[in-house]
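Student: I have a chain open on my screen and want to go through its geometry. Can we take it one question at a time?

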Amino acid sequence: MNLIDIIKNKLSPSKDYIFKTVNVAGKKVEIIFNEVLTDSNGINEYILKDLVNLKKRDLNNLNNKLTACNCKYIKKDEIIDNLNNGFVIVIYKDIYSCEIRANLDRGVNTIESELSISGPKDSFSETFNTNLGLIRRRIKSEKLKVIDFTIGKYSKTKVGLLYVDGICNKKLVQKIEKSLKMIDIDGIIDSSYLKTALENKKKLFPTIMMSERPDKSSMALLEGKVVILVDTSPYALILPSLFFDFFHTTDDYFQKNINTTFIRIIRVFAFFIAIFTPAVYIAVTTRNYDLVPLPLLLMLKAGRTFVPFPAYIEALFMIVCFEILKESDLRMSTTSGSAISILGGLILGDAAVSAGIVSPIMIIVIAISSIAGLIFSSLELVNALRMYKIILLILGTILGIYGVVIGGVIMFYNIFTSKIYGYKYLEIDKNEIKDSIIKLDSDIKKRNSKLTNNVIRGRYK
């Protein structure tokens, strides 16, 4: 059985693989390609047109006669992989692989999930080379290194590990490289697959950030972090991501320091409001009456006079209803989503209170808590806030304010003890104090000394 028959046998019964024989100066040249992954106009222009104009003596130097920009010699066992990556295989004595891929990406679009008021608007797409180009466009240095991996037994997905040589800690790169090499899975369809494999699964708070912003990823690289790009995924992974990184946005660096500081303080307050508000409300209205003034307590109790359910059941019901409403709004189209929001607002608002199912104060408490959690763009962080909110609510119901305190201690213990590739999750370096919650500028810009030995970033004057 010759080589062509072996390849046909492996690819059978798929019909999108095309086998073509071209007669060049009395010699047969075999061409193989996948019609859905390659550009037919490119094949006609750079392969077929070149071949029909060749003479017999040119066939021995075929690699230099084909005008496609990326042609190379390959081995027999590389043919299938090259075909599935959009290459055209030309066989005459030797085997040549020419890159003529079809344009299957959606181009560079605007940001959808991490909106910015004054920052750049371009976002990653599903094409690896496009995403890498968006970062190299911002970091024009040979120090930006890319280590390529192919992960997935069947998907054979291209994964790139990016870091800036001279800034990033080499030990961090080696640890992540080792972790990527250990992954053995059928397929990597999205970067979230890698996130699951690389992250600490025992902790609720996220330690790896997903971002669709090339500017944010470039800023992380210049801080000494590692960025992972995955082909077919519009989200990059940034690691290690520390606790206060989730309180920062790219807009923080396009505004005056006083405005940035104010907004970050608001985010810190929102963090505590999202987690503790329902639990504290349940604790003070069911067990620890002495913690609130009598007039306020009477007002809170009066609002629940005709509600037939205990306060904790009422709170859990409202939390579940809000999560259903939020999930429905996310999954539906924009036109239906607005209708769902209006309908849910009416049902959970006026109708529920009029029917006596929930009290007005409970709607206010749950609404404030839920909206405070949505101030963060990271979905993983929002999910962690939701879980801790429910845990503290249950502890507050059972043990009152003592349960809330115990739950808060457990939560902060997990934050303080969490690590990501040897770095403490709540790591505040002396150089980072000026850019943690309160943002201050100085003439000399410095990096976090825990992440890199190259501390001096530069100077303004």
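Tutor: Start with a definition: a salt bridge is a side-chain nitrogen of Lys or Arg within 4 Å of a carboxyl oxygen of Asp or Glu. This is a predicted model, so local features need pLDDT of at least 70 and side-chain atom pairs count only at pLDDT 80 or more, while totals for chains, interfaces and linings use all residues. Residues are numbered from 1 along each chain as its sequence is written, and side-chain values use heavy atoms, with hydrogens and water left out.

Student: How many salt bridges does the structure hold?

Tutor: Side chains of opposite charge can pair when their charged atoms come close. By the cut-off just given, the count for the structure is 13.

Student: What is the N to O distance between the side chains of Asp-245 and Lys-225?

Tutor: The two side chains meet in a salt bridge. The pair links distant parts of the chain, 20 residues apart: Asp-245 sits in the loop between β10 (236–239) and α9, and Lys-225 in the loop between α8 (214–223) and β9 (226–230). Helices here are DSSP runs of H or I with at least four residues, strands are runs of E with at least two, and both are numbered from the N terminus. The N to O distance of Asp-245 and Lys-225 is 2.4 Å.

Student: Is Lys-225 buried or exposed?

Tutor: Buried means under 20% relative accessible area, exposed means over 50%, and partly exposed lies in between (1.4 Å probe, protein chains only). Lys-225 has a relative accessibility of 4%, so Lys-225 counts as buried.

Student: Which helix holds both Glu-177 and Lys-181?

Tutor: Their side chains form a salt bridge at 3.5 Å, N to O. The two residues are 4 apart, about one turn of the helix. Lys-181 counts as exposed, at 59% relative accessibility. Both residues lie in helix α6 (residues 170–182).

Student: Which residue forms a salt bridge with Glu-99?

Tutor: The closest N and O atoms of this pair are 2.9 Å apart. Glu-99 is partly exposed at 22% relative accessibility.

Student: How many nonpolar residues are in the contact of α9 with α14?

Tutor: Contact means heavy atoms within 4.5 Å. The contact includes Phe-271, Ile-275 and Phe-276 of α9, and Leu-385, Tyr-388 and Leu-392 of α14. Ala, Val, Leu, Ile, Met, Phe, Trp, Tyr, Cys and Pro count as nonpolar, Asp, Glu, Lys and Arg as charged, and the others, Gly among them, as polar. Beside 2 polar and 1 charged residues, the number of nonpolar ones is 12.

Student: At what angle do α11 and α13 cross?

Tutor: The axes of helix α11 (residues 311–331) and helix α13 (residues 360–373) come within 10 Å. The angle makes α11 oblique to α13. Among the contact residues are Met-318 and Phe-322 of α11 and Ile-366 of α13. The crossing angle is roughly 45 degrees.

Student: Where does Pro-240 lie?

Tutor: A cis peptide bond joins Leu-239 and Pro-240, with omega about 0 degrees. The place of Pro-240 is the loop between β10 and α9.

Student: What is phi of Tyr-421?

Tutor: Tyr-421 lies in the loop between β11 (419–420) and β12 (423–424). Tyr-421 is buried, at 16% relative accessible area. Its phi is positive, in a residue other than glycine, and is near 55 degrees.

Key:
Axes fitted to C-alpha atoms, helices over the stretch in contact; angles between N-to-C directions. Parallel < 35°, antiparallel > 145°, perpendicular 65-115°, else oblique.
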